Amino acid sequence: MIANMVVALLAAGAAGFQPGAPQRDAAVAQLLALHEDVMAAHRNGDASAILDRGAEEYVQVGHGEVTFPTREERDGRFREYLRTTRFSIYEDLIEPVVQVSPDGRLGWVIAQVRARGVQDRGDGTSERVEFVCAWIELYEQRDGRWYRVGDVSTFHPDVAAP
C-alpha cells in the first residue's frame, strides 16, 4: 500500500492541481503549517507535536535502507533524540517545496534545514551537533486530517550528522 502511495505521489506531482484551485491552496497551507510544527518541535524539544500526526503504517528511507518502523519504534527513537538534543539553530535553508495530488488526498513537503546544538551523551557530557539535512515527508489525508505516512532523509556529506 505504501509503495503504491509513493508512486501515486510522484505521479500526482507531475499532474498537479488546476492553477489557483482553492482546495489546492488550502491543502498547501495545511502542509506548510505541519512543516512549521516539525521545525518548532525540534527547536522546542516537543516530540508530541510531530508524533501525533504519524500514521500507524509508515515507510522510512535513509542511510541506504528502506524500513517500516512501528509507531512505537518511531516514537521511542524520536522522543529520545529530542530529549537529549537542544538546538540553538534549526532553520529552513530553502522555502519548503509543497505539492498536493489532484484529488487532494496525498501530499508532500520537501525541506532543507541547517541545525546546530548540543546532544547529551548520557555520561554527564555533551557533544556539539551540527548538520545540514534534506528530507521529503509524505502525507495522506484521511477524514479531513493529514497524516505523515513516510519520509526520506539525507544528510549533507560535508557536515557531521547527529
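Is R116 buried, exposed or partly exposed? R116 has 29% relative accessibility, and the cut-offs put buried under 20% and exposed over 50%, so R116 counts as partly exposed. Keep that residue in mind; we will come back to its partner. One caution before going on: this is a predicted model.

Let me start with the whole chain. There are four helices and seven strands. Along the sequence they come in the order α-α-α-β-β-α-β-β-β-β-β. The chain has 162 residues, and 40% of them are buried. The accessible surface is about 8900 Å², with 52% of that belonging to carbon and sulfur atoms. Now take the contacts between residues at least 6 apart in sequence: 60% of these join residues at least 24 apart.

Next, helix 4. This helix covers residues 71–84, which is 14 residues. From the first C-alpha to the last it reaches 20 Å, close to the 20 Å expected at 1.5 Å a residue. Its buried residues are R71, R74, D75, F78, Y81, L82 and T84. What covers them? The cover includes helix 2 (22–44) and helix 3 (48–51), along with strand 1 (54–62), strand 3 (85–92), strand 5 (106–120) and strand 6 (126–142).

In general, an α-helix has 3.6 residues a turn, so residues three or four places apart point the same way. E80 is partly exposed, with a relative accessible area of 38%, while R83 is exposed, at 55%.

That is one case out of 13 salt bridges in the structure. As a general point, side chains of opposite charge can pair when their charged atoms come close. Another example is R43 with E36, where N and O are 2.4 Å apart. R43 is partly exposed at 37% relative accessibility, and E36 is partly exposed too, with a relative accessible area of 36%.

Now back to R116. Its salt-bridge partner is E130, with the closest N and O atoms 3.2 Å apart. This pair links distant parts of the chain: E130 lies in strand 6 and R116 in strand 5, 14 residues apart. E130 has 25% relative accessibility and counts as partly exposed.

Last item. Which residues do salt bridges with shared partners join into one network? They are D103, R105, E140 and R142.

Conventions: Residues are numbered from 1 along each chain as its sequence is written. This is a predicted model: local features need pLDDT of at least 70, side-chain atom pairs count only at pLDDT 80 or more; totals for chains, interfaces and linings use all residues. Side-chain values use heavy atoms; hydrogens and water are left out. Helices (H or I, at least four residues) and strands (E, at least two) are DSSP runs, numbered from the N terminus. The expected span of a helix is 1.5 Å times one less than its number of residues. Buried means under 20% relative accessible area, exposed over 50%, partly exposed in between (1.4 Å probe, protein chains only). Contact means heavy atoms within 4.5 Å. Accessible areas come from the Shrake-Rupley method with a 1.4 Å probe; for residues, only the protein chains shown count as cover. A salt bridge is a side-chain nitrogen of Lys or Arg within 4 Å of a carboxyl oxygen of Asp or Glu.
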